[in-house]
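Here is a quick tour of one protein model. Keep the sequence and the 3D view open as you read.

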Amino acid sequence: MKGFVTSISGATVSVDIQGLQLYDRVYIGHARLSGEVVHLEKERTTVQVFEDTHGLSVGEPAEGTRAPLTVTLGPGLLGGIFDGLQRPLTTLHQQTGAFITSSGDIPPLDLQRQWQFSALKQPGETVTAGEIFGFVSEGHLQHPIFASQSGEVENISQGLVDLNRPLAILKDGQKLFGWQNSAVRRPRITGEKRPVTVPLITGQRCIDFLFPMIKGGVAIIPGGFGTGKTVLEQTIAKFADTDVVVYVGCGERGNEMAGLLREFGELRDSAGRPLLERIIVIANTSNMPVAARESSIFTAVTMAEYYRDMGLDVLFLADSLSRWAEALREISSSLEEIPGEEGYPTYLSSRLASFIERAGVVETQSGKTGSLSMILAVSPPGGDFSEPVTQACLRAAGAFYMLDTSLAHSRHFPAIHWGQSYSLFAKQGAEYFQREIDKNWTDLQHRCRDILQQEESLREVVEVIGMEGLQDQDRLLMHAAERVRRDFLSQNSFSEDAFSSPQQTAQLITGILEDYTRAVQRLKEGELLSEILKGEQDATG
Ligand SMILES: Nc1ncnc2c1ncn2[C@@H]1O[C@H](COP(=O)(O)OP(=O)(O)OP(=O)(O)O)[C@@H](O)[C@H]1O
Ligand SMILES: [Mg+2]
């Protein structure tokens, strides 16, 4: 479907092509810039262009595809770094330099790379669409290859293959490739959703112990400027006990993304494999076009779903969703839509929900269980949590890790506020940890919370009468609370302590609580407070 550009306003371009549908992909101008239909009127189709429109003029050709924005799914995504349109950034960089200009269509997968393929089918056997007909070895993964068509196999490869040629040919001439295309704005259809039951271990004591995250759940991390969102997201990316991590850097600083990749190349997981082998990075740094930023989370979540459909545990991390919402707002205002709260479009919540609802646990077609979990950072301007983006996220999230500016200022990291954060997965977490790690888990949790709460109310007293005015048992409590905060809840991401296994977490809190119980006992027996505290300090260094 061909036509011409009739008007241009920044990245918003009108074309005279008739018969297109919403979200169809359109190529604009001689440079074939890619874009998406975002608004339709009788005589006019509006396209949001994903690339820089400098130099584009009215009257240049435009071509509609009648197909939505898709991603290519197949072996070779792991370890890759892509932009919001799934163009591999390393290749793009070689072709166009650091600032993206038109690139044509660069294939997201390396089609020349050789893979070891093991076929599950033989000539003469039948295969049905969606069925796994073979595997390729990709790093630590046996990457299943799904059939796109049904029929009787006539020819099938075995051994070294590349993705350029079909891996199998059916009797009726249809070809089965090692990759498939999938529309990004629709959830990939899979089997039944299942309830969430297994905690996602982050290695962060404050999360795992007080506010557990669950596999298939959604958590948000709202935090003001410099409160540690990026460091927390990246630390979780390193240590979370999932098979695959999809990390979306959305409008964040480019050097932070570069740092993440460098670190992942050097770090190894417990089995000694480079962490890079399990991560896919989608980078839309602040200097990239807004439309590509808006689509980036959909591109990323579709890739995440692909791995979930193999029966794997996948974690989706975004930093930060606020930058994504700002992109949405910018696009909406260029379309002259009626703005809602704080200028965000009225469909902010529904657009957000349309990707958040893609999280969950599912039973795959082959009877395995796969999960897609999301941990999303939000950066409310001025640290004001009543703003629309935080509120919209809050409605959809099951866990809420609120980062506190004053904790961050006092260098308590992660700066998760224990009084204002929550997790709706606490019950599932407690059941699991109680069974698998420590039968006293819930009891420890209650005692820890109790100490923190009592400290909170004593603080007000201390403000009036000073520490010296407190009774001895209250001063012991303040001392125990300080240890809980300093030695247990805070964790420096740049030290050996960056990851704490649930066993270590349970041991550490047990030790602190036992010390406290012993100290209370000694006080009862008439020992002097100063002696007890001195002994404690000697013991803890
Ligand atoms: N878990 C941590 N351990 C040690 N230091 C930390 C931790 N989290 C944050 N920091 C310190 O705080 C600084 C700011 O953290 P970070 O960049 O993650 O904040 P942010 O919330 O992403 O900021 P911005 O709003 O600018 O994106 C870091 O450079 C680091 O020095
Ligand atoms: Mg940041």
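The points below cover confidence, a sheet, a helix, the cores and some single residues.

This is a predicted model, so confidence comes first. The mean pLDDT of the protein chain is 90. Of its residues, 95% reach 70 or more.

**Confidence**

- Confidence is lowest in helix α1, residues 89–96, where the mean is 60.
- Confidence is highest in strand β20, residues 213–214, at 98.
- Residues 99–103 stay under 50 in pLDDT. For this stretch the model has 18 contacts beyond four places in sequence.

**An open sheet**

- Four strands make an open sheet. Their order is β12-β11-β9-β14, and they pair in antiparallel fashion.
- Strands β12 (141–146) and β14 (159–161) are the edges. Each of them pairs on one side only.
- On average, neighbouring strands of this sheet are turned by 40° against each other, direction ignored.
- Helix α5, residues 290–308, packs on the sheet. This helix touches β11 (132–138) and β12. Its direction makes about 100° with that of β12.
- Strand β9 covers residues 115–119. Three bridges join β9 to β14, and the two run antiparallel.
- Across that pairing, W115 stands opposite V161 in β14.

**Helix α7 and its buried face**

- Helix α7 spans residues 348–356. Its buried residues are L348, R351, L352, F355 and I356.
- Why do the buried residues of α7 line one face of the helix? Seen down the axis of α7, they fall within an arc of 135°, so they line one face.
- As a general rule, an α-helix has 3.6 residues a turn, so residues three or four places apart point the same way.
- Several elements cover the buried residues of α7. Among them are the strands β21 (218–222), β24 (313–319) and β26 (369–378). The helices α5, α6 (321–334) and α8 (388–396) are also included.

**Nonpolar cores**

- The largest nonpolar core has 77 residues.
- Which residues have the most contacts inside this core? They are F133, Y307, F316, L321, W324, F355 and L376.
- Helix α5 gives the most to this core, with 11 residues.
- Leaving aside neighbours within four places in sequence, W324 is in contact with C250, R293, E294, I297, F298, L348, R351 and L352.
- A second, separate core has 67 residues. Its members include A237, C448, I451 and V462.

- M303 lies in helix α5. Is M303 buried or exposed? M303 counts as buried because its relative accessibility is 0%.
- Not counting residues up to four places away in sequence, M303 touches L73, L77, F82, Q86, I280 and I282.
- M303 and G134 are 169 residues apart along the chain. Their C-alpha atoms are separated by 20 Å.
- H412 sits in the loop between α9 (405–409) and β28 (422–423). H412 counts as buried because its relative accessibility is 10%, and the cut-off for buried is under 20%.
- H412 touches L407, W418, R485, L489 and S490, again not counting residues up to four places away in sequence.

**Cis peptide bonds**

- The peptide bond from D319 to S320 is cis, with omega near -5°. S320 is in the loop between β24 and α6.
- F413 and P414 are joined by a cis peptide bond, with omega about -10°. P414 lies in the loop between α9 and β28.

**Positive phi angles**

- R66 is not a glycine, yet its phi is positive, at about 55°. R66 lies in strand β6, residues 61–68. R66 counts as partly exposed, with a relative accessibility of 42%.
- E336 is not a glycine either, and its phi is positive, at about 60°. E336 is found in the loop between α6 and α7. Where R66 is partly exposed, E336 is exposed, with a relative accessible area of 71%.

Terms used. Residues numbered from 1 in each chain as written. Chains lettered and ligands numbered in written order. Predicted model: local features only at pLDDT ≥ 70, side-chain atom pairs only at ≥ 80, totals over all residues. Heavy atoms only, no water. Pairing = 2+ DSSP bridges. Axes fitted to C-alpha atoms, helices over the stretch in contact; angles between N-to-C directions. Contact = heavy atoms within 4.5 Å. pLDDT = per-residue confidence, 0-100. Buried < 20%, exposed > 50% of the residue type's maximum accessible area, 1.4 Å probe, protein only. Arc of directions from axis to C-beta. Core = buried A, V, L, I, M, F, W, Y, C linked by side-chain atoms within 4.5 Å.
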